[in-house]
Amino acid sequence: MKDTRLQADGTIRRRRVCESGHKFSTWETMTNVMALIESRRKSVRAWKARNPEKVKALNHRRKRRQEARNESVATGRPIEEIYQLWGVA
């Protein structure tokens, strides 16, 4: 690394040099990850509120798949065979 500078907006600019002598710059910025997670949760809640039937169907399928995995462990049969018998995708 040749040079590192902090810009006025909080961005870090780095000047780099390859072994071949090629020079290039990179910029690093900070992202508020918590804001992104909060935003994602809000959008998921909004989708669930608009699609209660789909959410109910997804939860039912998840429950059936878990029951099939438990059956597979208990009986020793392959999980694919149990999925096929039960009609679980």
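Predicted model: local features only at pLDDT ≥ 70, side-chain atom pairs only at ≥ 80, totals over all residues.
Residues are numbered from 1 along each chain as its sequence is written, and side-chain values use heavy atoms, with hydrogens and water left out.

To stay with that pair for a moment, glutamate 71 is partly exposed at 27% relative accessibility, and arginine 77 is likewise partly exposed, with a relative accessible area of 30%; here buried means under 20% relative accessible area, exposed means over 50%, and partly exposed is in between, with a 1.4 Å probe and protein chains only. The pair belongs to a network of salt bridges that links Glu71, Arg77 and Glu81.

How many salt bridges does the structure hold? There are 5 salt bridges in the structure, and in general, side chains of opposite charge can pair when their charged atoms come close. One of them joins arginine 64 to glutamate 67, whose closest N and O atoms are 3.5 Å apart. These two residues are separated by about one helical turn, because they lie 3 residues apart in helix α2, which covers residues 52-75. Arginine 64 has a relative accessible area of 29% and is partly exposed, and glutamate 67, at 31%, counts as partly exposed too.

Another salt bridge is found between aspartate 3 and arginine 5, with the closest N and O atoms 2.9 Å apart. Aspartate 3 is partly exposed at 23% relative accessible area, and arginine 5 is partly exposed at 49%.

Turning to charge over the whole chain, we have 22 positive and 10 negative side chains, and the centres of the two sets lie 6 Å apart. In that count Lys and Arg are positive and Asp and Glu negative, whereas His and the chain ends are not counted, and each charge is placed at NZ of Lys, CZ of Arg, CG of Asp or CD of Glu.

Now to the overall architecture, where the elements run β-β-β-α-α-α from the N terminus on; helices (H or I, at least four residues) and strands (E, at least two) are DSSP runs, numbered from the N terminus. The chain is more spread out than a compact globule, because its radius of gyration is 26 Å, well over the 12 Å that the globule rule gives for 89 residues. That radius is taken over C-alpha atoms, and the globule rule is 2.2 Å times the number of residues to the power 0.38. The C-alpha trace spans about 65 × 40 × 20 Å along its principal axes.

What share of the 89 residues counts as buried? The figure is 10% of the chain. Among contacts with a separation of 6 or more, 3% come from residues 24 or more positions apart, a contact being heavy atoms within 4.5 Å.

Glutamine 7 is in the loop between β1 (3-6) and β2 (12-17), and is partly exposed at 31%.

Technical notes:
Salt bridge = Lys/Arg side-chain N within 4 Å of Asp/Glu carboxyl O.
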